[in-house]
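Thanks for asking me to look this over. Here are my notes, point by point, to read with the model open beside you.

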Amino acid sequence: MAPARLGQRYGSFVATPTLVKGSRSTRSTIALKLLMAVTGLIFIGYVLLHMYGNLKAFSGHDAFNEYAHHLRTFGEPMLPHEGLLWIIRVVLLVSVILHVYAAVMLWRRAQKARTVKYVVKKHTGAIFASRLMRWGGVTLLLFVIWHLLNFTVGKVNVKTGETGDAAGDPFNLLVDSFDTWWLTLIYLVAMAMLGAHLHHGIWSAAQTLGFAGNAQARWFWRKVAFTTALVITVGFALVPVSVLVGIIEK
Amino acid sequence: MKLTLNIWRQASEADKGAMHTYDLDNVSPDMSFLEMLDVLNEELNASGEEPIAFDSDCREGICGMCGLMINGEPHGPEVTTTCQLHMRSFKDGDEITIEPWRSSAFPVVKDLCVDRSSFDRIIQQGGYISVNTGSAPEAHSIQVPKEAADRAFDVATCIGCGACVAACPNGSASLFMGAKITHLGELPQGQAERDTRVVNMVGQHDHEGFGGCTNIGECTAACPKEIPLDVISQLNRDLRMAMKHGH
């Protein structure tokens, strides 16, 4: 084939028949994956702590409110009031921006990598959760925004219609909220989505960080991912469900 | 056996292409998949229609030249290459959809033939070791632990057919790269260029327009040589180490 034809041939594609010079590890798709893995692990650490805090609801009104208050005074006087909380918020905000950025870059790349779709395509070897990552991630992001508007920024009591301090103390706000069936339903759906995201995400992070380099390690991380996802989903679902069925009351 | 075949026809790279349906009679279950296509082509030839272009070479499962998307699975329903797939894997009356590998980095040349020279360029970027040619060195002068030699050999069985890319929802060639990275990374001879190898190969991979890996595992399920998914973890680890070493 004539060289001119070759150049012409690749003209319409992403690919070009040239050899790249000066490749950098930090500019690669794997660097984006590493970014997703590390920020993902930060989220997992956070949701575990968050879940622990939620489960305090089983210790009753005073213990729960005490915990919520202590989060704000943690580290005083070395830290300012709500200091720890703001450090966590900043770390999470930066992480979510990087996580979403990397996801969008990889998503766009994947779309360009196959512009002509198959007429028939099976998904042999893929777990269901792995096919939910992108739209599931979008769902989780929307849920987090909703959740922050509901409990952090707005402090909206959906039962009484009050907002801010009038919405009640943390424990009462929690009970009023999850006494409302549709709100509980939203949270349960979101937690199922979180579980699916973590089921594939934790395994994927281990694989990306290079911890699953043999059959035994692969098996181990598959189990760790499934177990952690299950613990987090059930752990978060316990409180809303317990409120709804009356195990946790004011 | 009587079959209905839905086959992608595309006259040239510039052509848009479309699926065409063919009925084929008298297919023997002992035929290989490619022999079945040969029979169809003889019929097309006899009737004056252009035969269907598809790649094949050794027809014994070792060269990596053949590769078709068969009913949504690269190389069809068995763990083998298209040439080693036999018609006994199908039933009389089956409808079979046959498509080329779909990847922006594997442009369709004609019908079911794709250009996989992007794989060659990835290998050119480091899928080798630099040694002077000459008389072969004494085999025992460099010792390799049994486990390392076994793993290197297992992953060196990659024939570069491209089924991993064809199967991957992201169109990533990570399994292909991981196999070569692991093969050479397990051996003493591969150490000198270990960091530059992974960085340059991944750089070329990204440049060719392959997608990023999301560890879904459809590649390894499609691989006729059963290259395990852990080579991708090895690839990622090698890249992370290269990053640490400032490459």
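1. In this predicted model, strand β3 of chain B (residues 69–70) runs antiparallel to β5(B), and 2 bridges join them.

2. Now for the contact between the chains: how many residues does each chain bring? Chain A gives 49 residues and chain B gives 54. On the side of chain B that touches chain A, the elements giving two or more residues are β5 (95–99), α2 (117–124), α6 (194–207), α7 (218–222) and α8 (230–244), each of chain B. So β5, the strand from the points above, turns up again here, as one of the elements on that list. The most comes from α8(B), with 10 residues. By class, this side of chain B holds 26 polar, 17 nonpolar and 11 charged residues.

3. Within chain B, please also look at helix α3 (residues 146–155) and helix α5 (residues 174–185). Their axes come within 8 Å and cross at roughly 150°. Angles over 145 degrees count as roughly antiparallel, which is why α3(B) is described as roughly antiparallel to α5(B). The crossing of these two helices is left-handed.

4. Which residues make the contact of α3(B) with α5(B)? From α3(B) come B:R151, B:A152 and B:V155, while α5(B) supplies B:A179, B:T182 and B:H183. Sorted by class, the residues of this contact are 3 nonpolar, 2 polar and 1 charged.

5. Over in chain A, is helix α6 (residues 170–178) largely enclosed or largely open? The helix is largely enclosed by the rest of the structure, because 7 of its 9 residues are buried. Those buried residues of α6(A) are A:P170, A:F171, A:L173, A:L174, A:V175, A:S177 and A:F178. To see what surrounds them, turn to α3 (61–73), α7 (181–208) and α8 (215–245) of chain A, against which the buried residues of α6(A) pack.

How values were computed
Residues numbered from 1 in each chain as written. Chains lettered and ligands numbered in written order. Predicted model: local features only at pLDDT ≥ 70, side-chain atom pairs only at ≥ 80, totals over all residues. Contact = placed C-beta atoms within 7 Å. Helix = DSSP H or I, 4+ residues; strand = E, 2+ residues; numbered from the N terminus. Nonpolar A, V, L, I, M, F, W, Y, C, P; charged D, E, K, R; others polar. Axes fitted to C-alpha atoms, helices over the stretch in contact; angles between N-to-C directions. Parallel < 35°, antiparallel > 145°, perpendicular 65-115°, else oblique. Left-handed = near helix turned anticlockwise from the far one by under 90°. Buried ≥ 20, exposed ≤ 12 C-beta atoms within 10 Å, placed from the backbone. Pairing = 2+ DSSP bridges.
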